[in-house]
Amino acid sequence: MAASIFQGELVSLVREDPEIFAKNFSRWGRDSEFIRLLDNDPARLVSVRTAKQWFEKDLEKDTLDEAFFIIHTLETDQSVGFVGLGEISWNHGEAWVGIGIGERAYWGKGYGTDAMRIILWYAFTELNLHRVSLGVFEYNPRAIRSYEKAGFVHEGRNRKQVLRDGKRWDEVHMGVLRGEWEKIYECCK
Amino acid sequence: MDISTQLFEGKLICLAPIDHEKDPEIESKWTHDPDYLRMLSTKPARPLSPAQVKKKYEAVEKEMDESHSNFYFTIRAHPDERLVGFIKIYWVEWTNGNGFVELGIGDPNDRGHGYGSEALHLVLRYVFAELNLYRLSVVVPEYNQPALHLFTKAGFVEEVRRREALQRDGRYWDAIHLGLLREEWETQLKGT
């Protein structure tokens with residue numbers, strides 16, 4: 001692992017001010033494919049102003065229930081997406097992870113997987129969690145492949161959870177336990 | 001089953017609104033039983049005073065009013081409509097037609113009498129024939145066998161196991177997700 005726990009091989013995780021993130025987020029959100037891969041709320045367009053207000057509210061919260069980061073490339077220090085742990089359950093040692101690479105040019109090149117490896121490292125060695133969970137739609141095989149590479153195991157699927165383009169799709173659930181992650185880390189060291 | 005078939009009336013129980021005067025005392029007693037809390041919730045068990053329960057009810061009704069994604073019912077036993085539990089639908093996603101259900105029978109002496117089963121039966125009709133959802137999910141801790149039995153009997157199918165997602169009494173337990181689809185519920189109805 002690199003000297004900083006927030007740095008991987010391709011990207012680093014940083015915090016950005018609301019106005020900077022709001023501009024990117026609003027622009028990324030105009031790519032409907034991106035937004036429909038990201039979650040199951042109806043796709044909608046968000047102005048820079050509204051996005052900025054959301055993220056300013058997050059500033060006030062500053063709780064320990066989540067850990068949210070912007071993904072920067074090491075090469076050009078450009079913002080390409082975000083990753084975060086949410087719904088952290090301290091009494092059980094579980095968190096949910098969400099990730100999005102908004103810049104299409106960086107899809108399928110390992111940037112997301114690298115960011116996921118950093119956040120798992122953070123979850124298991126700094127937050128000392130026991131497991132990390134995620135949900136992903138079956139129409140997003142690129143993400144599923146990336147999660148498998150980062151160490152996630154398939155745990156089942158909510159049948160026909162999402163209705164899009166007139167078709168029903170499963171939500172695939174994956175999880176990684178600290179013990180499983182430690183074994184992967186050992187062999188990568 | 002048609003428009004004259006009552007949605008909220010069963011043989012043993014009925015579904016009714018919250019009674020803000022009388023219910024808080026009763027639910028406060030339930031929350032002093034750690035088993036009840038741990039069967040229902042993954043949050044650290046924490047008893048509530050009647051005033052705290054009252055506040056919770058106000059929050060529940062405010063959310064029902066504003067979000068349109070929550071539906072909360074008390075379960076009351078005939079003939080005197082004594083409060084025995086609650087059942088709620090939450091996280092409804094209208095575009096995808098899905099939601100989650102949660103059910104609790106408060107007093108251990110009221111469990112095993114079919115109250116929960118009948119309440120769930122009524123709510124399934126409400127979910128599929130009034131809200132017109134397509135699927136309903138429930139998440140149950142592995143150690144809550146009575147709940148797993150209840151939902152399986154009602155036709156729910158195990159879909160996901162979040163391995164070791166819960167830590168209680170010094171060991172890990174899975175969180176089990178079950179789901180029921182509209183067509184499965186309809187097939188069941190035809191069979192009865």
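Rings of Phe, Tyr and Trp, taking the six-membered ring of Trp, form a pair if their centres lie within 6.5 Å. Keep that rule in mind for this predicted model. By this rule the count comes to 35 aromatic pairs over all chains.

Start with a cluster in chain A. Ring pairs join A:Phe21, A:Phe25, A:Trp28, A:Phe34, A:Trp54, A:Phe55, A:Phe68 and A:Phe82. Now pick out one pair, A:Phe25 with A:Phe55. Their ring centres are 5.5 Å apart. The angle between the ring planes is 90 degrees. Planes over 60 degrees apart count as edge-to-face, and the pair of A:Phe25 and A:Phe55 is edge-to-face.

Where do A:Phe25 and A:Phe55 sit in the chain? A:Phe25 belongs to helix α1 of chain A, and A:Phe55 belongs to helix α3 of chain A. They are 30 residues apart, so the pair links distant parts of the chain.

Are these two residues buried or exposed? Buried means under 20% relative accessible area. A:Phe25 has 16% relative accessibility, so A:Phe25 counts as buried. A:Phe55 has a relative accessible area of 14%, so A:Phe55 is buried too.

Next, look at the helices that carry this pair. Two packed helices are described by the angle between their axes and the distance between the axes. Helix α1 of chain A covers residues 18-28, and helix α3 of chain A covers residues 48-61. They pack at an angle of about 135 degrees. Their axes are 8 Å apart. α1(A) and α3(A) are therefore oblique to each other. Their crossing is right-handed.

Which residues make the contact of α1(A) with α3(A)? From α1(A) come A:Pro18, A:Glu19, A:Phe21, A:Ala22, A:Lys23, A:Phe25 and A:Ser26. From α3(A) come A:Val48, A:Ala51, A:Lys52, A:Trp54, A:Phe55, A:Glu56 and A:Leu59. By class, nine are nonpolar, one is polar and four are charged.

Now turn to chain B. Helix α4 of chain B spans residues 115-129, and helix α5 of chain B spans residues 145-153. Their axes come within 10 Å. They cross at roughly 40 degrees. That angle makes α4(B) oblique to α5(B). The crossing of α4(B) and α5(B) is right-handed.

The contact here takes B:Gly116, B:Ser117 and B:Leu120 from α4(B). From α5(B) it takes B:Leu150, B:Phe151 and B:Lys153. Three of the residues in this contact are nonpolar, two are polar and one is charged.

Methods: Residues numbered from 1 in each chain as written. Chains lettered and ligands numbered in written order. Predicted model: local features only at pLDDT ≥ 70, side-chain atom pairs only at ≥ 80, totals over all residues. Heavy atoms only, no water. Axes fitted to C-alpha atoms, helices over the stretch in contact; angles between N-to-C directions. Helix = DSSP H or I, 4+ residues; strand = E, 2+ residues; numbered from the N terminus. Parallel < 35°, antiparallel > 145°, perpendicular 65-115°, else oblique. Left-handed = near helix turned anticlockwise from the far one by under 90°. Contact = heavy atoms within 4.5 Å. Nonpolar A, V, L, I, M, F, W, Y, C, P; charged D, E, K, R; others polar. Buried < 20%, exposed > 50% of the residue type's maximum accessible area, 1.4 Å probe, protein only.
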